[in-house]
Amino acid sequence: MDPSYPYWVRQLHSPPNPKSKSASQIQDPPGFTSSTTGKRAALAKQQARKPPTPEETDILKVKKSWEVALAPAKQLPMNAIMMYMSGNSLQIFSIMMVFMLFKNPVQSLLQINQAFARYETPRTRSKMWVVKAVYVLMNLVALALGIWKVNGMGLLPTTRSDWLAWETQREPRERAIFAF
């Protein structure tokens, strides 16, 4: 090749130099071995993955159902912080936050069988009632958080003054009349 071409162009058109003996003495970096990489790939192709047994599938389904059952508990800290940050005044933002706090657990409680339908098999049915009970409990805790927020906003009738319409007027024992 003409020496007037830049060095990188000359390198592109010439094959790389074969490895010298001194280069082969350099160790591979940790985690890389060039001699076994091809063997591992060939071994992986030869060994087909065996299908899981029904027992393994059922164990996996129960584990996944526990993840679904504990999901409302994972949302509780976020919901509590959101309720604290929204304040106790009656504004559209705080009202919508409380509405969503009540809507999601009620909706989850109404659709409990659909939530666990894909994990329920005849063999896992005996274990699923505990998982469903935990799911119901976690949603009830979320509802309790909503009730706490509504009470903090002053919307729950928990004081005596909230029930004045049903109070009877007291009859005094004696009357004092001012006279000149």
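User: Which helix does Pro105 lie in?
Analyst: Pro105 lies in helix H5. Helices are DSSP runs (H or I, at least four residues), numbered from the N terminus. The model is predicted, so local features need pLDDT of at least 70 and side-chain atom pairs count only at 80 or more, while totals for chains, interfaces and linings use all residues. Residues are numbered from 1 along each chain as its sequence is written, and side-chain values use heavy atoms, without hydrogens or water.

User: Is Pro105 buried or exposed?
Analyst: Pro105 is buried, with a relative accessible area of 5%. Buried means under 20%, exposed over 50% and partly exposed in between, with a 1.4 Å probe and protein chains only.

User: What does Pro105 touch?
Analyst: Leaving out residues up to four places away in sequence, Pro105 touches Met100, Asn139, Ala142 and Leu143. Contact means heavy atoms within 4.5 Å. The C-alpha atoms of Pro105 and Ala142 are separated by 6.6 Å, although the two residues are 37 apart along the chain.

User: And Asn139, where is its place?
Analyst: Asn139 has its place in helix H7.

User: Why does Asn139 count as buried?
Analyst: Asn139 counts as buried because its relative accessibility is 3%. Apart from neighbours within four places in sequence, Asn139 is in contact with Pro72, Pro105, Ser108 and Leu109.

User: Changing topic: which residues lie nearest the centre of the largest pocket?
Analyst: Gln75, Asn79, Met100, Asn104 and Pro105 lie nearest the centre, out of 19 residues that line the largest pocket. A pocket is an open set of points on a 1 Å grid where a 1.4 Å probe fits, with protein on both sides within 12 Å along at least five of seven lines; lining residues have an atom within 4 Å of a point.

User: How many charged residues are in the lining?
Analyst: The lining of the largest pocket has no charged residues; 14 are nonpolar and 5 are polar.

User: Back to H5. What about Ile95, buried, partly exposed or exposed?
Analyst: Ile95, whose place is also in helix H5, is partly exposed, with a relative accessible area of 40%.

User: What is the secondary structure of the chain overall?
Analyst: The chain comes to 7 helices and 0 strands, so its pattern along the sequence reads α-α-α-α-α-α-α. Of its 180 residues, 19% are buried. Among contacts with a separation of 6 or more, 68% are between residues 24 or more positions apart.

User: Where is confidence lowest?
Analyst: Confidence is lowest in helix H3 (residues 34–46), at a mean pLDDT of 60, and highest in H7, at 94. The chain averages 86, and 87% of the residues score at least 70. pLDDT is the predictor's confidence in each residue, from 0 to 100. Where pLDDT is low, the predicted coordinates should not be read in detail.

Note on methods. Nonpolar A, V, L, I, M, F, W, Y, C, P; charged D, E, K, R; others polar. Helix = DSSP H or I, 4+ residues; strand = E, 2+ residues; numbered from the N terminus.
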